[in-house]
Amino acid sequence: MQELAAIELLQKVNALIYEYRQSGGEVPINKMTGSMISGLTEGGFRLPECVQGASLSSHKEAKGIDIYDPENKLDGWITRKILEKYNLWREHPEKTEHWTHLTTRKPKSGCRTFMP
């Protein structure tokens with residue numbers, strides 16, 4: 001089940017990032033993870049026993065990912081329309097300084113950009 005969730009998430013996020021790059025945006029590589037994933041080690045999928053993050057985190061369901069965004073340019077580019085296009089949601093940029101949290105899990109509020 002988590003494999004299918006991860007495939008869905010990554011297809012949508014990769015398509016969004018592709019469009020962002022086509023518009024001139026750049027997603028830098030995080031030296032700590034060696035990828036576009038934010039954090040020190042656990043910005044992508046997290047095993048259920050991982051102590052980082054909430055127990056019901058979208059990361060632990062393979063439905064959430066943190067993209068390295070040190071200058072908050074990706075978050076500044078994303079709009080409600082972009083999120084709707086890729087059927088994604090994100091945590092509010094005020095709560096994700098230097099990364100962009102994207103998820104396929106609809107929040108209770110239903111808002112495309114939500115406060116965690």
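Biologist: In this predicted model, in which element of the protein is confidence lowest, and in which is it highest?
Modeller: Averaged over the protein, the pLDDT is 89, and 86% of the residues score at least 70. Among the elements, confidence is lowest in β1, where the mean is 93, and it is highest, at 98, in α3.

Biologist: In what order do the elements of the protein run from the N terminus on?
Modeller: The protein holds three helices and four strands. Read from the N terminus on, these elements follow the order α-β-α-α-β-β-β.

Biologist: How far apart are the end C-alpha atoms of α1, and what span should its 21 residues have?
Modeller: A helix is expected to span 1.5 Å times one less than its number of residues. For the 21 residues of α1 this gives 30 Å, and the end C-alpha atoms agree with that value because they too are 30 Å apart.

Biologist: Which element supplies the largest share of the largest nonpolar core?
Modeller: This core has 16 residues, and those with the most contacts inside it are V13, L16, I65, I67, L88 and L102. At least two residues of the core come from each of α1, β1 and α3. The largest share, five residues, is supplied by α1.

Biologist: Which residues does L88 touch, leaving out those up to four places away in sequence?
Modeller: L88 is one of the residues with the most contacts inside the largest nonpolar core. With residues up to four places away in sequence left out, L88 touches L9, K12, V13, L16, L83, T103, T104 and R112.

Biologist: What percentage of the contacts between residues at least 6 apart in sequence join residues at least 24 apart?
Modeller: Of the 116 residues of the protein, 39% count as buried. Among the contacts between residues at least 6 apart in sequence, the share that joins residues at least 24 apart is 55%.

Notes
Residues are numbered from 1 along each chain as its sequence is written. This is a predicted model: local features need pLDDT of at least 70, side-chain atom pairs count only at pLDDT 80 or more; totals for chains, interfaces and linings use all residues. Side-chain values use heavy atoms; hydrogens and water are left out. A nonpolar core is a set of buried Ala, Val, Leu, Ile, Met, Phe, Trp, Tyr and Cys residues joined through side-chain atoms within 4.5 Å. Buried means under 20% relative accessible area, exposed over 50%, partly exposed in between (1.4 Å probe, protein chains only). Contact means heavy atoms within 4.5 Å. pLDDT is the predictor's confidence in each residue, from 0 to 100.
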